[in-house]
Every structure is written in C-alpha cells, then in structure tokens.
Amino acid sequence: MTTSTTPIKIRRSGERGHADHGWLKSHHSFSFGSYHDPAHSGFRSLRVINQDQVAPGGGFPTHPHRDMEIFSYVLSGTLKHQDSMGNGRELKPGQIQLMSAGKGVAHSEFNPSDSEALHFLQIWLLPERANLEPSYTEWHPSPETEAQGKTLIISQDGRDESAVIHQDASIYRVRLSAGESVEHQLAQGRGLWLQLISGEVSVAQQRLEAGDGVSIEEPGSWTLTAESDSVEALLFDLR
C-alpha cells in the first residue's frame, strides 16, 4: 500500500495498440507507427514501449534513427543487432542493449533462429539534448543481480554498473516471487512508470496483470507486492 491517496493511472494490457504483420506481432503502450492515440503518446521522456514477438528468421532490416535513446530487453529467444557504428551482437534473455542514436545511426534487429521465436521489449526515450554522438552499450545480469528483487539496469551516471542513458532516468528490473515486495521512493517533481512483463502485482491496492502499465506522479514511497510467482517488470523513474 502507498502512503498517498492520489489515484494511479493504469494502462491495461488489452487497451494497448496491436499490430500483426505475420512475422511480427507487437503491442504498443504508446502511439507508434499506424497506431495513434492522443491520450497515450508517452510519459515524460518515455515515448515507446513495444512488446514484440518476432517469428524465426524475421526481423527489422537496416533503418535510421536520430535523437532517441533506444534499448531492447530480451525476454526469450535471441536478438541479433547490427549497426552503422560497427557493433554486431547477439543478445540472450535478461540482457539489454542500449543505443544512443544521437545525430544519426542505422541499425537492424533480427531473430537469427530458424525454429525459436524472439520475444523482447523495445523502448525509446527522448535524449537530454539533440545531436549527441551515437553510442552503444549493454547490460548483462550477474549472479548478484539475479538474486535481487529490484536492480538498477540503466541510469544517467552509470552507477551500480548500469548502462548509461543520456537522459535523467533511472530504470530498474523487478523480479519477485509470490508474497515478495519491493519499495520505490519517488522524489518530488519526478514520475514513475511501471511496465509489468509477467505475473501479477498489487500497487496502491490495485491489481496489475501481465502487459499492464501504471503511471504515478505523486511523490512518496510506493510498494509493489507480487500476487503470483514469476513476476517481472521494468520500473522507470523519470524527470
């Protein structure tokens, strides 16, 4: 339960935009591509949360980006990344790649498997300023972080071995078993977005299911409690 009486705003999974391209099935928490919803165009610097399922051999051919912080979080399968900076990587479940598109970069993302589907989240945030030098970094879990309920994975200053983002944002991975809880202290003037990937949690006496998102802009201590096993979520603390 939270110490605040201010209602939270819930974005239910079934209300998200949906696209089915055959090789790609995607759910959009915010307006993206042909899906446009003026009421859900982003949250503070957070602009895109796409939950993508890519068929074996499918993927996004080389395409450009600029002035956006883009990261991918692999849930299952393998993500093959290549970009114009010379990076070529294959990422596995639990791993994150973060690309600062800056003044311009091109990349491709594919499922290299001929039998296993790829499931990942692709997330975009606005950078702190335009025309940055493009850059690429990764975050990989360690035995220590695997045992943590709440782990910092991306931050502006790279603290605690997190990947560096060019924005005043701290992003945490949450993993809980039934009955476990974590707290997050939200400072004045900041906003929290929680994206639930799997399982069920309660926050502020509201129950969330997989795919749901929630926004909070009331400062204070907020508690997430797992109502099932195998809870996984991303928590964004944004200026």
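Predicted model: local features only at pLDDT ≥ 70, side-chain atom pairs only at ≥ 80, totals over all residues.
Aspartate 168 sits in the loop between β14 (163–164) and β15 (169–176), while arginine 190 sits in the loop between β16 (181–186) and β17 (191–198), so the contact ties together parts that are 22 residues apart in sequence. Aspartate 168 counts as partly exposed, at 23% relative accessibility. Arginine 190, at 15%, counts as buried, because the cut-off for that class is under 20%.

A further salt bridge joins the side chains of glutamate 232 and arginine 175, at 3.3 Å from N to O. Here glutamate 232 belongs to strand β22 (residues 231–238) and arginine 175 to strand β15, so the pair ties together parts 57 residues apart in sequence. Glutamate 232 is buried, with a relative accessible area of 13%, whereas arginine 175 is partly exposed, with 26%. These two residues also take part in a network of salt bridges that links Glu146, Arg173, Arg175 and Glu232.

Strands are likewise the setting for the salt bridge between glutamate 138 and arginine 89, whose side chains meet at 2.7 Å, N to O. Glutamate 138 is found in strand β12 (residues 135–139) and arginine 89 in strand β8 (residues 88–91); the pair links distant parts of the chain, 49 residues apart. Arginine 89 counts as partly exposed, with a relative accessibility of 37%.

Side chains of opposite charge can pair when their charged atoms come close. Counted over the model, the salt bridges come to 16.

Conventions
Residues numbered from 1 in each chain as written. Heavy atoms only, no water. Salt bridge = Lys/Arg side-chain N within 4 Å of Asp/Glu carboxyl O. Helix = DSSP H or I, 4+ residues; strand = E, 2+ residues; numbered from the N terminus. Buried < 20%, exposed > 50% of the residue type's maximum accessible area, 1.4 Å probe, protein only.
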